[in-house]
Amino acid sequence: MMPADNHTFSDPMTYVLTGIPGTEESHVWISIPFCLMYVATLFGNSLLLFIILTEQSLHEPMYLFVSMLATADLLLSTTTVPKMLAVFWFRAGEISFAACLTQMFFIHVSFLAESAILLAMAFDRYVAICNPLRYTIILTNSVIGKMGLAVITRSFCFIFPLIFLVKQLKFCRTNRLPHTYCEHMIIARLACDDITVHVWYGVAVAILVIGLDSVLIALSYGQILRAVFQLSTKDARLKALRTCGSHVCVILMFYISSVFSYFAHQFGPIIPGYILNLLANLYVLIPPMLNPIVYGVTTKEILKWVINVFHRCCSRSSLLS
């Protein structure tokens, strides 16, 4: 055990999340947009789930996948943002080793689940446009249920080993985590042991899961575009492209933010701490907030429901007044 400062330890009983290094005096101001984004995430995704569950016409494969994505967004943001705000507002950064591992697990599981759901949605659009006559035969409720189970199982199987890898590490450095939440490589870098296995495991998961998912999504949309441009009329082509537009926006938001975040964590030692934190916060704040907005604006059925409810509320308020 190393003799050192007050933060040196051999058994990691408690960590201290420090927030965004170098911006301590601005934490309260930084917390304002973070809090607003979290509130928007909760409201937007909860509303999206409510609309899909209560509107019978939306009980279709595409919207069931959207509801899965909204659930994953709620899990990802709720796992991270409340503790993040506690750090900013109350300097309550203490978190037990077990709670830190739990948070790490759910963050990464949510991330892999979102990638798999986006792949399932790409397959849904591929079948709908390239093989529309067999759409209801291929994507039955049973198949969608099995796909949802596969999403959870795959995410669990890839992330659960990280728990054992981290628990095998010996810690003898500071227990202060220069971050807003517990992330695998941030924790691993506090260990005295060689963390090469951790680095390569992260690279392997990124290639096998995220890389493979993105390649399959790209291939699906390649086939979709080819089918779309073979349609006879311009109106048919535009309608087919509109149905895919919201999904493409969500895919770009997710993968661009996750790529930035991944490389920020992998090359953390050569990136300033505040930039590392801001990049890492991108994929836990922005996609979960924007996803329901994108689907609400671009999906005619969902937008129509929201407008009808808004009109009813306005009518009631005018009658009461």
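**Figure 1. The largest nonpolar core of the predicted model.** The largest nonpolar core has 90 residues, among which Tyr15, Leu118, Phe171, Leu177 and Ile187 touch the most other members. Helix H3 (residues 97-130) supplies the largest share of this core, 19 residues. A nonpolar core is here a set of buried Ala, Val, Leu, Ile, Met, Phe, Trp, Tyr and Cys residues joined through side-chain atoms within 4.5 Å. Buried denotes under 20% relative accessible area, exposed over 50%, and partly exposed the range in between, with a 1.4 Å probe and protein chains only. Helices (H or I, at least four residues) and strands (E, at least two) are DSSP runs numbered from the N terminus. The model is predicted, so local features need pLDDT of at least 70 and side-chain atom pairs count only at pLDDT 80 or more, while totals for chains, interfaces and linings use all residues. Residues are numbered from 1 along each chain as its sequence is written, and side-chain values use heavy atoms, with hydrogens and water left out.

**Figure 2. Surroundings of Ile187.** Apart from neighbours within four places in sequence, Ile187 is in contact (heavy atoms within 4.5 Å) with Tyr15, Cys100, Met104, Val166, Phe171, Leu177 and Cys182.

**Figure 3. Packing of H1 against H2.** The axes of H1 and H2 lie 9 Å apart, and the two helices pack at an angle of about 155°. H1 is therefore roughly antiparallel to H2. Axes are lines fitted to C-alpha atoms, for helices over the stretch in contact, and angles run from 0 to 180 degrees between N-to-C directions. Angles under 35 degrees count as roughly parallel, over 145 as roughly antiparallel, 65 to 115 as roughly perpendicular, and the rest as oblique. By class, 19 nonpolar, 9 polar and 1 charged residues form the contact of H1 with H2. In this classification Ala, Val, Leu, Ile, Met, Phe, Trp, Tyr, Cys and Pro are nonpolar, Asp, Glu, Lys and Arg are charged, and the others, Gly among them, are polar.

**Figure 4. Packing of H2 against H5.** Helix H2 (residues 61-90) and helix H5 (residues 141-167) have axes that come within 11 Å and cross at roughly 25°. The two helices are therefore roughly parallel to each other. On the H2 side the contact is made by Pro61, Leu64, Phe65 and Met68, and on the H5 side by Asn141, Ile144, Met147 and Gly148. The contact of H2 with H5 comprises 6 nonpolar, 2 polar and no charged residues.

**Figure 5. Packing of H5 against H7.** The axes of H5 and helix H7 (residues 196-228) come within 11 Å and cross at roughly 170°, so H5 and H7 are roughly antiparallel to each other. Arg154, Cys157, Phe158, Pro161, Leu162, Leu165 and Val166 of H5 meet Val197, His198, Tyr201, Val205, Val209 and Asp213 of H7. By class, this contact of H5 with H7 has 10 nonpolar, 1 polar and 2 charged residues.

**Figure 6. Three loop residues.** Thr23 is located in the loop between strand E1 (14-17) and helix H1 (27-54). Thr23 counts as buried because its relative accessibility is 19%, and it touches Ile30 and Tyr274, not counting residues up to four places away in sequence. Arg91, in the loop between H2 and strand E2 (94-96), has a positive phi of about 55° although it is not a glycine. With 65% relative accessibility, Arg91 counts as exposed. Arg189 belongs to the loop between helix H6 (184-188) and H7 and is partly exposed, with a relative accessible area of 24%. The C-alpha atoms of Arg189 and Lys170 are separated by 11 Å, the two residues being 19 residues apart along the chain.
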